[in-house]
Amino acid sequence: MASGAEFINPFGRHCARVPLGGFPPFDAGTWVRQRARGQAPILRRITAPESKAAMPFHTRITCMLGIEHPIVQGGMQSVGVAELAAAVSEAGGLGILTALTQASPAALAAEIERCRGLTSKPFGVNVTVFPTTMSPDYVGYARAALDAGVRIFETAGTQAVAEVWEVLREVPGTLILHKCTAVRHALSAERRGVDIISIDGFECAGHPGEDDIPGLILIPVAADKVKIPMLASGGFGDGRGLVAALALGAEGINMGTRFCATVEAPIHPDVKQKYLENDERGSHLVFRNFHNSARVGKSDVSDEVVRRLKNPDATFEDVRELVSGVAGKALLETGDLSRGVFWAGMVQGLIHDIPTCAELIERIIAEAEAILDQRLAAMRQRAGPAGNVA
Ligand SMILES: Cc1cc2nc3c(=O)[nH]c(=O)nc-3n(C[C@H](O)[C@H](O)[C@H](O)COP(=O)(O)O)c2cc1C
């Protein structure tokens with residue numbers, strides 16, 4: 001086994017010399033050096049040499065975050081609370097609390113404590129900077145989380161997010177995952193010192209940006225240019241997606257919508273049912289008029305939003321009461337879909353059940369392993385004389 005440089009994740013665990021099976025032998029240090037020279041990462045599954053038993057997928061991201069599986073639950077307004085984040089982290093992924101879901105920085109600190117009561121594993125905090133004139137106290141939320149001992153942050157939003165980065169950088173060892181929707185924004189964030197990029201394709205729930213580049217193009221284009229580790233986001237929900245993301249050059253996946261349809265998501269069962277009923281066409285892109293495109297689930301209310309915004313002279317006032325955050329929160333709590341709109345991505349086409357987070361993550365990893373070990377491995381068998389696989 002080649003030896004490589006060691007690096008330490010924020011929890012003090014050494015991550016180097018991860019034994020990678022197969023030929024040629026690589027370790028995590030080798031992987032890091034290859035990326036530093038601008039080469040694409042080599043995807044290898046770790047196999048316990050002595051037992052042949054399948055092992056989880058190890059990437060720079062699992063190592064840096066101190067998690068078992070390269071699966072992150074993205075920040076979700078009204079959804080990213082302690083029960084969900086802890087369940088994802090307990091299952092070996094990275095759960096993320098959404099700061100602005102809490103009424104104040106003090107309430108966020110209390111939620112962090114509640115999450116700690118549910119899991120001893122790493123979790124993060126999302127700080128999303130919205131394009132609004134009435135800004136919440138973003139820096140106050142960031143400081144409250146830092147003071148509570150959080151060292152993993154997902155950031156997203158407008159360029160004003162740089163102010164939050166500055167505060168986070170004051171505490172050594174803090175890791176910043178920055179979520180963005182364009183390669184140029186990823187490169188800019190990388191230059192400004194974030195640690196991990198989460199790149200959201202056009203398929204995603206929430207704000208996919210204005211470029212409309214789907215993940216199949218966006219992820220490899222970003223992987224060719226971004227040197228720090230990258231999560232692929234938008235449209236992921238199963239093991240096929242995980243393998244594809246790793247093959248495209250990412251080192252893990254970030255999921256939002258899929259985690260909404262889990263037992264632990266704090267969402268009314270009728271809304272979870274809607275995630276199941278909607279298929280891959282079951283979302284609308286709204287707010288393009290305002291250069292703030294947003295993907296929401298298809299429903300009578302979002303149909304009406306689309307109808308009103310077809311008028312080229314439409315203003316936000318024409319839809320404000322339908323799309324307000326208060327209305328959306330009421331919808332999630334009551335299950336009454338006439339109350340507002342709900343965030344949802346195209347991945348609804350892949351959602352057919354409501355598992356626990358542990359069942360979901362276990363299934364994704366098992367599917368990914370089966371794809372590599374069976375489906376793809378079978379395609380790599382030599383063809384026999386009659387064209388049959390040997
Ligand atoms: C209900 C919901 C709320 C969300 N709220 C936020 C948010 O507050 N901040 C943020 O950065 N992203 C938010 N997102 C986006 C997710 O973090 C993630 O980037 C996205 O859902 C990935 O695409 P997918 O839904 O196809 O998995 C939200 C997504 C959903 C489904």
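How many C-beta neighbours does Ile-197 have inside 10 Å, and does that count as buried or exposed? In this predicted model, the count for Ile-197 comes to 27, so the residue is buried, given that 20 or more such atoms are enough for that label. Ile-197 sits in strand S6. Leaving out residues up to four places away in sequence, Ile-197 touches His-178, Cys-180, Ala-186, Ala-189, Glu-190, Val-226, Ile-228 and Met-230. Along the chain, Lys-179 is 18 residues from Ile-197, yet the C-alpha atoms of the two are 5.9 Å apart.

Stepping back to the whole chain, there are 15 helices and 10 strands. Of the 390 residues, 45% are buried.

The largest nonpolar core holds 99 residues, and Ala-85, Leu-97, Met-230, Ala-232, Ala-245 and Ala-250 have the most contacts inside it. Domain 1 (23–265 + 355–379) and domain 2 (279–348) each supply residues to this core, so the core lies between them. As for the general background, nonpolar side chains in soluble globular proteins tend to be buried together. Met-230, one of the core residues with the most contacts, has already come up as a partner of Ile-197.

Two helices show how the burial is laid out. In H8 (residues 215–225), the buried residues are Gly-215, Leu-218, Ile-219, Ala-222 and Ala-223. These cover an arc of only 125° around the axis, so they end up on the same side of H8. Packed against the buried residues of H8 are helix H7 (183–191), strand S6 (196–200), strand S7 (230–233) and helix H9 (239–248). Turned away from that buried side, the other face of H8 carries exposed residues Ile-217 and Asp-224.

Helix H6 (residues 161–169) has Val-161, Val-164 and Leu-168 as its buried residues. Viewed down the axis of H6, they fall within an arc of 55°, and so line one face of the helix. Their cover includes S3, helix H5 (138–147), strand S4 (152–157) and strand S5 (175–180). Asp-137 is found in the loop that runs between S3 and H5. With 13 other C-beta atoms within 10 Å, Asp-137 is partly exposed. Its C-alpha atom is 9.2 Å from that of Leu-100, a residue 37 places away along the chain.

The shell around the ligand has 29 residues, and Gly-74, Cys-204, Gly-256, Thr-257 and Gly-345 come nearest. Strand S3 (123–129), strand S8 (253–255) and helix H10 (257–260) are the elements that give two or more residues to the shell. H10 gives the most, with three. By type, the shell residues divide into 11 nonpolar, 14 polar and four charged. Where does the ligand lie relative to domain 1 and domain 2? Both domains give residues to the shell, so the ligand lies between them.

Notes: Residues are numbered from 1 along each chain as its sequence is written. This is a predicted model: local features need pLDDT of at least 70, side-chain atom pairs count only at pLDDT 80 or more; totals for chains, interfaces and linings use all residues. A residue is near a molecule or strand if its C-beta atom, placed from the backbone, lies within 6 Å of it. Helices (H or I, at least four residues) and strands (E, at least two) are DSSP runs, numbered from the N terminus. Ala, Val, Leu, Ile, Met, Phe, Trp, Tyr, Cys and Pro count as nonpolar, Asp, Glu, Lys and Arg as charged, and the others, Gly among them, as polar. Domain bounds come from an automatic or database domain assignment. A residue is buried if 20 or more other C-beta atoms lie within 10 Å of its own, exposed if 12 or fewer, and partly exposed in between; C-beta atoms are placed from the backbone. The arc is that of the directions from the helix axis to the C-beta atoms. Two residues are in contact if their C-beta atoms, placed from the backbone, lie within 7 Å. A nonpolar core is a set of buried Ala, Val, Leu, Ile, Met, Phe, Trp, Tyr and Cys residues joined through C-beta atoms within 7 Å.
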